Amino acid sequence: MTAPMINLRQVSKSYDRGGETLKVLQALDFEVASGSFEALMGPSGSGKSTLLNLIAGLDRPTAGTIEVAGTRIDTLGEGALAKWRANTLGFIFQAYNLIPVLTAVENVELPLLLAPVASRERRRRAETALRVVGLEDRSLHYPRQLSGGQEQRVAIARAIVNDPTLLVADEPTGDLDRASADDVLRLLETLNKELKKTIIMVTHDPVAAERATVVRRLDKGSLA
Amino acid sequence: MIPVRYNVRSLAVRKTTTIATAAGIGLVVFVLASSLMLAAGVRKTLGLSGRRDVALVMRKGSDAELGSSIEDPQVGLLGSLSGVRRGPRGALVSGEVIVVAAMEKLGASGVSNVQLRGMTEQSHELRPQFKLVSGRLPRAGADEVLVGQRLRGRFRGLDLDGSFDLRKNRPVKVVGFFSDGGSSYESEVWVDLDVLRTSYRREGFVSSVRVQLESEGKFDGFQALVERDKRLGLQAMREATYFEKQSEGTSLFITVMGSVVSVFFALGAMIGAMITMYAAVASRQREIGTLRALGFSRSAVLGSFLLESVLLATAGGVMGAAASVAMGTVHFSMINYASWSEVVFRFEPTAAILGQSVGFAAVMGLVGGLLPAVRAARIAPAVAMRG
Ligand SMILES: Nc1ncnc2c1ncn2[C@@H]1O[C@H](COP(=O)(O)OP(=O)(O)O)[C@@H](O)[C@H]1O
Ligand SMILES: [Mg+2]
């Protein structure tokens, strides 16, 4: 048995809201095996995004330990955590989050600016990533010149360009029509099967969940 | 590092705000550069007026030629001292009278003082840069004047063949214009010494005496001779020193005024830059969160927003500096407080002044952008996840 890609032990997360403490996650144990494609479902406000943020090192737990891709991230300093994200993770956001003033290929290049890669090589790798998502002919387009589905595929290219082991997606098809959503899901499936990326994806869409190898439900801060 | 084109294009997208903010900074730089250029122009104009091998003799205690008075016989005495150069017509010594006349300005209402200088035959020899640019030299003893070219067209009557009243009912005719290598003499009207003295009832006196020395090195000896005789009650200084002192006061005044005004404007423009950058940070929170989520560090975000602010300010600075260069073609007349008369100066653009001014803009951008950049750096990466 190989070590799990994601391993949360007794993780709690609460937020301070005007003096009141909002307990979102309580003593959660959570494991994701390497190479799996997991969907996380559950009602709004159940803590899915919170859990994803913790796994991705965007936020810190109130208690508990988090190990991702072999690194204890809950104890990492701010700078080390940023570096770890750059090397280990690819993000896919519901709202795509492309930088509007940068072209598709420039957006895809962004993560490579954090690694010692020469500019010519950066461009080459970014174009390769765009080819993987089928948008090589859109590399010089700005986000506003693309459809929602195309924007999300550019975002996926950006997420995979530095060859991370783990992809984290928060409702990646939430803003898309059925056909575009299917394109994106097919793409994620390919990345999982052929490029062996571990994927954890939050979704409300049962069709999306069907693509995943494992489906989990989060309700009121605990896994069902 | 976050690429610079991210900042450049973000500035370009917010066109109106960017231009307005940059223009504010440009205005400050324009004011600063212009006043530094004017101060440089004053130093240059007055610096060109004085020679090191000419001694200027005035009544002891006088700060300026205007307030000095020397009796005629003393002029001859000064010419007999050792160290004075002699020409075909004897010692190169020129006792000149300075008066100030209120003249009607053209193109602006009101009057302003113009310096009139009563000249001798030797006067031109003491000013080797002198050149007649149009018309002719006045005839000795005639009611004719020669006008410095910077005054041309600035006052009523100061045109070729024009005339003005030297004193009430004492008209004189302009017969020529002269240049003097850009010196402050170009802002004077030159009149025959005796014509000026009779119309101002100053017979028997001159204001100052210029003495051409055999060489620069003869000055100290000459000065000692003049000042040793207490009965004379005279003082001597190098002509160059005299004008340097005048320019120091005036250029310092302009520099200080310009700097004070610029600093106040700069505070305003810096607050403008700060507000603009705060607004930029607020509207780009999700972008910043995304950059952080992708792995860019806090300091990368800080640097990026500082850079954006500096770029914005520098663009404004370059605009302001370019506008100030256009001032180089403008002639500016102002009172020289040492002579209480108008001297026409030029704005003197130098690479150093332009560099300093654009540098000042960059510093404004840095200071104004600091707090917004710190706020940007504090944006949590989790902000990227919020819808
Ligand atoms: N930064 C935060 N500060 C305070 N409360 C938060 C914050 N982030 C999330 N919450 C709250 O935590 C709960 C879970 O949020 P979230 O994880 O976004 O749920 P989901 O993604 O499942 O809809 C919600 O009640 C939400 O309002
Ligand atoms: Mg959510």
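Predicted model: local features only at pLDDT ≥ 70, side-chain atom pairs only at ≥ 80, totals over all residues.
Begin in chain A by selecting helix 5 (residues 148–160) and helix 6 (residues 178–194), which pack at an angle of about 15° with their axes 9 Å apart. Angles under 35 degrees count as roughly parallel, and helix 5 of chain A and helix 6 of chain A are therefore roughly parallel to each other. Their crossing is right-handed.

Next, select A:Lys197 and A:Asp163, whose side chains form a salt bridge (2.5 Å, N to O). A:Lys197 lies in the loop between helix 6 and strand 8 (198–202) of chain A and A:Asp163 in the loop between helix 5 and strand 7 (166–170), so the pair ties together parts that are 34 residues apart in sequence. A:Lys197 is buried, at 4% relative accessible area, whereas A:Asp163 is exposed, at 57%.

Turn now to chain B and select B:Glu308 and B:Arg284, which meet in a salt bridge (2.8 Å, N to O). B:Glu308 belongs to helix 8 (residues 298–326) of chain B and B:Arg284 to the loop between helix 6 and helix 7 (285–294), so this pair ties together parts 24 residues apart in sequence. Both residues are buried.

Then select B:Glu65, B:Glu96, B:Arg117, B:Arg127, B:Glu188, B:Arg210 and B:Glu239 to display a network of salt bridges.

The patch lies on the surface, has about 1000 Å² of accessible area together, and includes B:Leu27 and B:Val260. B:Val260 lies in helix 6 of chain B and is partly exposed, with a relative accessible area of 42%.

How values were computed:
Residues numbered from 1 in each chain as written. Chains lettered and ligands numbered in written order. Heavy atoms only, no water. Patch = residues over 30% accessible without salt bridge, like charges linked within 9 Å, V, L, I, M, F, W, Y side chains within 5 Å. Areas by Shrake-Rupley, 256 points an atom, 1.4 Å probe, with all protein chains shown as cover. Salt bridge = Lys/Arg side-chain N within 4 Å of Asp/Glu carboxyl O. Helix = DSSP H or I, 4+ residues; strand = E, 2+ residues; numbered from the N terminus. Buried < 20%, exposed > 50% of the residue type's maximum accessible area, 1.4 Å probe, protein only. Axes fitted to C-alpha atoms, helices over the stretch in contact; angles between N-to-C directions. Parallel < 35°, antiparallel > 145°, perpendicular 65-115°, else oblique. Left-handed = near helix turned anticlockwise from the far one by under 90°.
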